[in-house]
Amino acid sequence: MKDLLVVICFGSILFGCTKDENVLDCSTVLPPPNWFEISIDDPSGNQLINNVFIQDSFVFYSILEQSYLKPLEFAGDPSYLMVAFPDVEEGVEYYIELSTTDTDTIVFNYTEKINSCYSDYNLFEILYNGESTLIAGDGRRYHLVKY
């Protein structure tokens with residue numbers, strides 16, 4: 001009887017310590033980018049950021065919060081501004097101060113899918129001053145037209 005108890009305890013320890021093969025190790029997962037870039041263009045396609053509107057950073061705010069968007073001087077093209085999904089809420093109206101007299105509105109429409117290791121974002125529309133920019137494909141650079 002004593003031997004049977006030892007075998008049962010040893011078996012419980014042995015099988016209880018096996019590694020679960022179905023658990024994903026998030027440290028080995030490279031999530032997709034959680035950001036995208038926007039440029040603001042005139043109707044002819046000329047980029048206005050870093051050409052007409054030249055600043056180190058642009059005030060970017062909603063009724064609840066304020067932050068700054070910076071031109072991509074070192075990481076890319078300074079005519080683009082980087083926007084991170086965690087910094088914006090879906091469907092909320094944001095304002096960007098391009099100059100002391102020129103403030104525009106932007107609304108980002110996207111979905112978020114929460115996976116076990118990261119969130120995956122799907123941007124499908126940007127409303128810029130009420131004009132819709134539909135998003136297609138997997139690109140990360142979008143041109144908004146300022147009329």
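**Strands and hairpins**

Modeller: Strands β7 and β8 form a hairpin with two residues between them, and Asn 129 in the turn has a positive phi of about 50°. Strands are DSSP runs of E of at least two residues, helices are runs of H or I of at least four, and both are numbered from the N terminus. This is a predicted model, in which local features need pLDDT of at least 70 and side-chain atom pairs count only at pLDDT 80 or more, while totals for chains, interfaces and linings use all residues. Residues are numbered from 1 along each chain as its sequence is written, and side-chain values use heavy atoms, with hydrogens and water left out.

Biologist: In which sense do β7 and β8 pair, and over how many bridges?

Modeller: Two strands pair if DSSP finds at least two bridges between them. Strand β7 and strand β8 (residues 131-134) are antiparallel, with four bridges. Within this pairing, Ile 126 stands opposite Thr 133 in β8.

Biologist: With how many residues between them do β6 and β7 form a hairpin?

Modeller: That hairpin has four residues between β6 and β7. The two strands are antiparallel over nine bridges, and Ile 114 stands opposite Ser 119 in β7. In a regular strand, side chains alternate between the two faces of the sheet.

**Aromatic pairs**

Biologist: How many aromatic pairs does the structure hold?

Modeller: Rings of Phe, Tyr and Trp (its six-membered ring) pair if their centres lie within 6.5 Å; planes under 30 degrees apart count as stacked, over 60 as edge-to-face and the rest as tilted. The structure holds ten such pairs. One of them, Phe 60 with Tyr 94, is stacked, at 5.0 Å centre to centre with 5° between the planes. This pair links distant parts of the chain, since Phe 60 is in strand β2 and Tyr 94 is in strand β5 (residues 93-97), 34 residues apart.

Biologist: Is Phe 60 buried or exposed?

Modeller: Buried means under 20% relative accessible area, exposed over 50%, and partly exposed in between (1.4 Å probe, protein chains only). Phe 60 has 3%, so it is buried, and Tyr 94 is likewise buried, at 2%.

Biologist: Why is the pair of Tyr 110 and Tyr 121 edge-to-face?

Modeller: Their ring planes stand at 70°, with centres 5.9 Å apart, so the pair is edge-to-face. Because Tyr 110 lies in strand β6 (residues 103-114) and Tyr 121 in strand β7, the pair ties together parts that are eleven residues apart in sequence. Tyr 110 is buried at 10%, and Tyr 121 is buried at 15%. Ring pairs link both tyrosines into a cluster that also includes Phe 60, Phe 85, Tyr 94 and Tyr 142.

**Pocket**

Biologist: Which strand gives the largest share of the lining of the largest pocket?

Modeller: A pocket is an open set of points on a 1 Å grid over the protein atoms alone, with protein on both sides within 12 Å along at least five of seven lines; lining residues have an atom within 4 Å of a point. Strand β7 (residues 119-128) gives the largest share, four residues. The lining includes Phe 85, Tyr 121, Arg 140 and Tyr 142, and the largest pocket holds about 180 Å³ of space, a volume being the space filled by probe spheres set on the points.

Conventions:
1 Å grid on protein atoms, 1.4 Å probe; cavity = no way out; pocket = protein on both sides within 12 Å on 5 of 7 lines; lining within 4 Å.
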